[in-house]
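These notebook entries record what I looked up in the structure.

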Amino acid sequence: MILQYFKKKENEYKIKSDKIYLDILINSKLFLNKKFFNVIDFSVSFELISILLIYNLKFFNYKNRESKKKINEELMKTLVNDLDKSLRDLGISDMSIGKYVKKYVKKFYFRLKILDSVFENGNSNELLNYLNSLDFVNKNNSNELVDKLSELFLQIKNNN
């Protein structure tokens, strides 16, 4: 009876989305250093994860359109769960956790709107301008950050 649960299609999507999200977390940690950012905190890691997740949502290809949609839904669920856990780890109480998660999900969708056009055009100058608009980005090394992100994007695209 329990074997039916493991063979469900939904689990295939969840497993694939968990793998993608784990790759995003691993890749974001590669960029978290003082060379690229003035400070290293929750906002910086949220920004990096958002950029990488938006890129994956846009360019990840899977068997068919319906599968891609399901995997993207699972990725968003994973993001929300990760936000909830991370904010709790920062000490946000149960009473106000929902408000904070909602705030960060809104921030994510705002970034999605901006970065969607940036990734659609494939223009690294637009990405550079976006990163330079952020207070915590080290402007001296922002060109190198864009180059490294572009390499990672190419790697992500080729692995699909």
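**Entry 1: the α5 and α6 pair**

I noted that α5 and α6 are roughly antiparallel to each other. The model I am reading is a predicted one. For this pair I looked up the geometry: the axes of α5 and helix α6 (residues 124-132) cross at roughly 150 degrees and come within 8 Å. The label follows because angles over 145 degrees count as roughly antiparallel.

I then listed the residues in contact. On the α5 side they are Arg-111, Ile-114, Leu-115, Ser-117, Val-118 and Asn-121, and on the α6 side Glu-126, Leu-127 and Tyr-130. Sorted by class, this contact has 5 nonpolar, 2 polar and 2 charged residues.

**Entry 2: the α4 and α5 pair**

Next I looked up how helix α4 (residues 65-89) packs on helix α5 (residues 97-121). The angle is about 135 degrees, and the axes are 10 Å apart. That makes α4 oblique to α5. I recorded the crossing of α4 and α5 as right-handed.

Which residues make the contact? From α4 I listed Met-76, Leu-79, Val-80, Leu-83, Asp-84, Leu-87 and Arg-88. From α5 I listed Ile-97, Tyr-100, Val-101, Tyr-104, Val-105, Phe-108 and Tyr-109. By class, the contact of α4 with α5 has 12 nonpolar residues, no polar ones and 2 charged ones.

**Entry 3: salt bridges**

How many salt bridges does the structure hold? I recorded 10, and looked up several in detail.

Arg-88 forms a salt bridge with Asp-94, and their closest N and O atoms are 2.2 Å apart. Arg-88 also belongs to the contact of α4 with α5 listed above. I checked the accessibility of both partners. Arg-88 is partly exposed, at a relative accessible area of 34%, whereas Asp-94 counts as exposed at 60%. I also noted a network in which salt bridges with shared partners join Lys-58, Asp-116 and Glu-120.

Asp-18 pairs with Lys-14 in another salt bridge, with the closest N and O atoms 3.0 Å apart. Both residues lie in helix α2 (residues 9-31), 4 residues apart, which is about one turn of the helix. Asp-18 counts as partly exposed at 32% relative accessibility, and Lys-14 is partly exposed with a relative accessible area of 31%.

Because Glu-74 and Lys-77 are 3 residues apart in helix α4, about one helical turn separates them. Lys-77, at 48% relative accessibility, counts as partly exposed.

**Entry 4: Ser-43**

Finally I looked up Ser-43, which I placed in helix α3 (residues 42-59). Ser-43 counts as partly exposed, at 28% relative accessibility.

What does Ser-43 touch, if residues up to four places away in sequence are not counted? I recorded Tyr-104 and Phe-136. Tyr-104 is also one of the α5 residues in the contact with α4. I took one separation as well: Ser-43 and Tyr-13 are 30 residues apart in sequence, and their C-alpha atoms are 28 Å apart in space.

Key. Residues numbered from 1 in each chain as written. Predicted model: local features only at pLDDT ≥ 70, side-chain atom pairs only at ≥ 80, totals over all residues. Heavy atoms only, no water. Axes fitted to C-alpha atoms, helices over the stretch in contact; angles between N-to-C directions. Helix = DSSP H or I, 4+ residues; strand = E, 2+ residues; numbered from the N terminus. Parallel < 35°, antiparallel > 145°, perpendicular 65-115°, else oblique. Left-handed = near helix turned anticlockwise from the far one by under 90°. Contact = heavy atoms within 4.5 Å. Nonpolar A, V, L, I, M, F, W, Y, C, P; charged D, E, K, R; others polar. Salt bridge = Lys/Arg side-chain N within 4 Å of Asp/Glu carboxyl O. Buried < 20%, exposed > 50% of the residue type's maximum accessible area, 1.4 Å probe, protein only.
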